[in-house]
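Hello,

Here is the structure for your files. Please look it over before reading my notes below.

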Amino acid sequence: KVKYALAYRKTVMGDDFASCRLIFAESDGLPAVIVDSFGGVLSLQCLCLGMEKYKDAICDALMDELHPVGIYERGDVPVRTLEGLPLTCGVLRGEVPDKVESVVCVGVGALRYTCYMGAADLVAGVEDHEVTRGIDRLYNYVNHEKFKDLPVTGTNGVPYAEEIIAVAPQVIVMSKSANADADELQAQTGTPVVVIPGSDTTLDDNAYETIRILGQLYGMESRATELTNYLKGIQKDLDDRTKDIPDSEKPSVYVAGVSFRGLHGFEGTEAGYGPFELIHANNLANTTGQSGAFDIDLEQVLSWDPDILFLDFNGMDLINESFAQNPDYYNALTAVQNGKVFSQISFRSYASNLDTALADAYYAACIMYPEQFKDVDPVAKAGEIFEKLLGSNPYEDLKEAGYEFRPIKIGEE
């Protein structure tokens, strides 16, 4: 049955078992048995008495089929006590570090979510852009003193194998979108590679799965649970306040200046814009048939004449330049005439930064749905989100740098 389960995984994932769930209990014919892969280490949970008797045989089969560095038992799940089984954790086969104390992060989201987990102190090497402080990446901004003098171990998702070997981390955490093969990197460095899905939007399944994986890897399950519960609470709060608003009562909205593969001006927008999706906004870009960020014909925006405009600060210089060349275009928009133009703090830098994206969602909701959000101070809510994800609140630093929640008059610096 172990062979069958692994063969089935291969039909979906190929041979990339660096970071995934290998055995799904009853669905694989192994009731109450769960096996996860973290680089070269397997985590085994056996949650019923009947399967406990076969634990050694399951371990033998896993060693024969996958040749992991080791197998670690996570028998600390309370349901075991209902079966009369002890709560126990420990190494069942091979060698497994008692605790991860040093990691190198590779690719989009790996370092960001490590910081969200409160595990920045574990980081032993960073990609080249992380040694420079960037307020557009708050996880970097608040942890820069820890990162600025670390060895550079990669660039833009491309790992430097020799530098990683010199750093000698216990684990490499790599995002699925990185420009590297996990098995090859593991073979090159002799270091287990754990692959996380990462997320380039807001609160999707990949975000929660990344938190779960890192919680287990870093031995920070309680933090993972805390963070997951908080984020699900945010998601539910936004959903509950907005899901029943009739479409006829929603203002039409357009977001401009969205960054993708560089800076974009008023034409740069996004279908499925993360902050808008969380609040069921009437995002006009969603009506185009496009997906993700794209450039739109400006005449289409004029034809739509949205009720409210939101401008991403990343694109403001280009928008102001365009206004200087063609003020009549912008002044013809009803939202401009009515002073219904507002900011969005840029959340796209090395993909999506969850902290600022969630803060943007609350601010946009306060503008679109003032009655439903009359009890919310978006600046205070941003501070709460930053504290929970980052451990500190850099909103005043954002404001000083020119990034804040406020109305905007196009053409003014």
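Of the contacts in the chain with a separation of 6 or more, 61% are between residues 24 or more positions apart. Keep in mind that this is a predicted model.

Overall dimensions next. The chain has 413 residues, and a compact globule of that length would have a radius of gyration near 22 Å; the chain has 24 Å, which agrees. Along the principal axes, the C-alpha atoms fill a box of roughly 75 × 45 × 35 Å. Buried residues account for 54% of the 413.

Now the secondary structure. The chain has 19 helices and 17 strands. Six of the strands form an open sheet with mixed pairing, in the order 9-8-7-6-10-11. Strand 9 (158-159) and strand 11 (193-196) stand at its edges. Each has a single partner strand, so one side of each is left without a neighbour in the sheet.

Which strand does strand 6 pair with in the parallel sense over four bridges? That is strand 10: residues 103-106 of strand 6 pair with residues 171-175 of strand 10.

Best wishes

Conventions
Residues numbered from 1 in each chain as written. Predicted model: local features only at pLDDT ≥ 70, side-chain atom pairs only at ≥ 80, totals over all residues. Heavy atoms only, no water. Helix = DSSP H or I, 4+ residues; strand = E, 2+ residues; numbered from the N terminus. Rg over C-alpha atoms; globule rule 2.2 N^0.38 Å. Buried < 20%, exposed > 50% of the residue type's maximum accessible area, 1.4 Å probe, protein only. Contact = heavy atoms within 4.5 Å. Pairing = 2+ DSSP bridges.
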